[in-house]
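Welcome! Please take a look at the sequence and the structure below, and then we can walk through a few parts of it together.

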Amino acid sequence: MKDLTPDRSTLDPIEIASRDEITALQTERLRWSLTHAYANVPHYTQAFDAAGVHPDDLTDLSDLAKFPFTVKSDLRANYPFGMFAVPRDQVKRIHASSGTTGQPTVVGYTQSDLDNWGQVVARSLRAAGMQPGDLLHNAYGYGLFTGGLGIHLGADALGLSTIPISGGMTPRQVRLIEDFKPKGITVTPSYALSVLDEFHAQDLDPRASSLEVGIFGAEPWTNAMRTEIEQAFDMHAVDIYGLSEVIGPGVSMECVETKDGLHIWEDHFFPEIIDPTTGQPVADGEMGELVFTSLTKEAFPIIRYRTRDLTRLLPGTARSMRRMEKVTGRSDDMIILRGVNVFPTQIEECLMATPGLAPHFQIELTKPDRMDVMEIRCEGPDPAAGTALAARIKDSIGISVQVTVGAPGSVARSQGKAVRIVDNR
């Protein structure tokens, strides 16, 4: 693999600033963000008042622990635009994602937010070894999902040439990689393995392709998968992290020269790790739930957002900003299936809306080859209802599943809480 280490003279000065400089900037921006949210978002006005805190109470970064958390149900309760801190006509873009109830969580961006988003994604792509003029094959999905358009925004900001192919049509993905010869690819790690299989199906050598770096996100993946991908393609494989509630892709990024965790762009996003049970902050280096507060967002400021992702914070290495380890799991029951967030209650809603099916079901997750497979076992007199359920899930959630309709009593019952998920991956 080629050495893709960026020239340090091209980095943003804050990436290699001292910790004192970073802390001072964070403190200033955190005061602004708290004040902005409190003054312009009724939810935060009420939440801060109920907790007996005011933005003026923050004198240093540790004081943030006095402020209340934001959770996904808060966003749903304020659907669609109740969490916006600027007039709706100042919102230049809207993205959304669906969750446990199928109710979308809506996020908005001013022009300044889009500019900042583009800059942090550009910073991330540069950390992966991409340079102005390079060609990027962007296989993340375009649309309400922040992945495809977020990466595209950063690619434009860095000065890349972008192939906006989005997801799917795997044979075409391989053909365009062969014909256009991009240097980098942005894609989920599991789909990268499907692309790899298609190379072999077309009797092409992936190691002979033009790809020098793969930038993978939207789902957890292991260092073992990194090794397999790097050896198969003879390219670097690095991790990118983000979520729509915080901004989208580009919250943190692995540096290609170290690959030792994801540097958080702390000038825009302030991280905390808390005990997921008590909600109390834990020290850097300890495992817990990742919490983010935005420092510069205008349209959709987010204060102490509980991501439910489990990781730990570590000191900076290739950059001065702190790193987060690869996400090891979640503190709730969310399933990440091929890069899509899925909750059992979403499946239940689809089931209940499908005629001919009983309300008993169980989800089994397997990985027979390289792609995750979800099988839904349910009950009913007509096996054809399974086809209708699979179509409904595809239409409402956007994932393909297998459905098995059995006789009454065929789905395991529980004496306590229902065991909805059997994960055999």
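Predicted model: local features only at pLDDT ≥ 70, side-chain atom pairs only at ≥ 80, totals over all residues.

## Strand E11 and its two partners

E11 itself spans residues 288-294 and is mostly covered, with seven of its seven residues buried.

Now for another strand with pairings to explore. Strand E8, made of residues 248-254, is mostly covered too: seven of its seven residues are buried. Strand E7 (residues 236-243) is joined to E8 by four bridges, and the two run antiparallel. A hairpin of four residues leads from E7 to E8, and Leu 243 has Gly 248 of E8 as its bridge partner.

E8 also pairs with strand E9, which holds residues 262-264; three bridges join them, and they run antiparallel. To find one of these bridges, look for Ser 252, whose partner in E9 is Ile 264.

## Where helices H6 and H7 meet

Next, turn to two helices. H6 runs over residues 170-180 and H7 over residues 189-201; they pack at an angle of about 75 degrees, and their axes are 9 Å apart. The two helices are therefore roughly perpendicular to each other.

On the H6 side, the contact is made by Thr 170, Pro 171, Gln 173, Val 174, Ile 177 and Glu 178, while H7 contributes Tyr 191, Ser 194, Val 195, Glu 198 and Phe 199. Sorted by class, this contact has six nonpolar, three polar and two charged residues.

## Ile 229, a residue in helix H8

Let us finish with a single residue. Ile 229 sits in helix H8, which covers residues 223-233. Is Ile 229 buried or exposed? Its relative accessibility is 0%, so Ile 229 counts as buried.

Which residues is Ile 229 in contact with, leaving aside neighbours within four places in sequence? They are Pro 189, Ala 192, Leu 193, Phe 216, Asp 234, Met 235 and Ala 237. Ala 192 is 37 residues away from Ile 229 along the chain, yet their C-alpha atoms are separated by 7.9 Å.

Definitions and conventions:
Residues numbered from 1 in each chain as written. Heavy atoms only, no water. Axes fitted to C-alpha atoms, helices over the stretch in contact; angles between N-to-C directions. Parallel < 35°, antiparallel > 145°, perpendicular 65-115°, else oblique. Contact = heavy atoms within 4.5 Å. Nonpolar A, V, L, I, M, F, W, Y, C, P; charged D, E, K, R; others polar. Buried < 20%, exposed > 50% of the residue type's maximum accessible area, 1.4 Å probe, protein only. Pairing = 2+ DSSP bridges.
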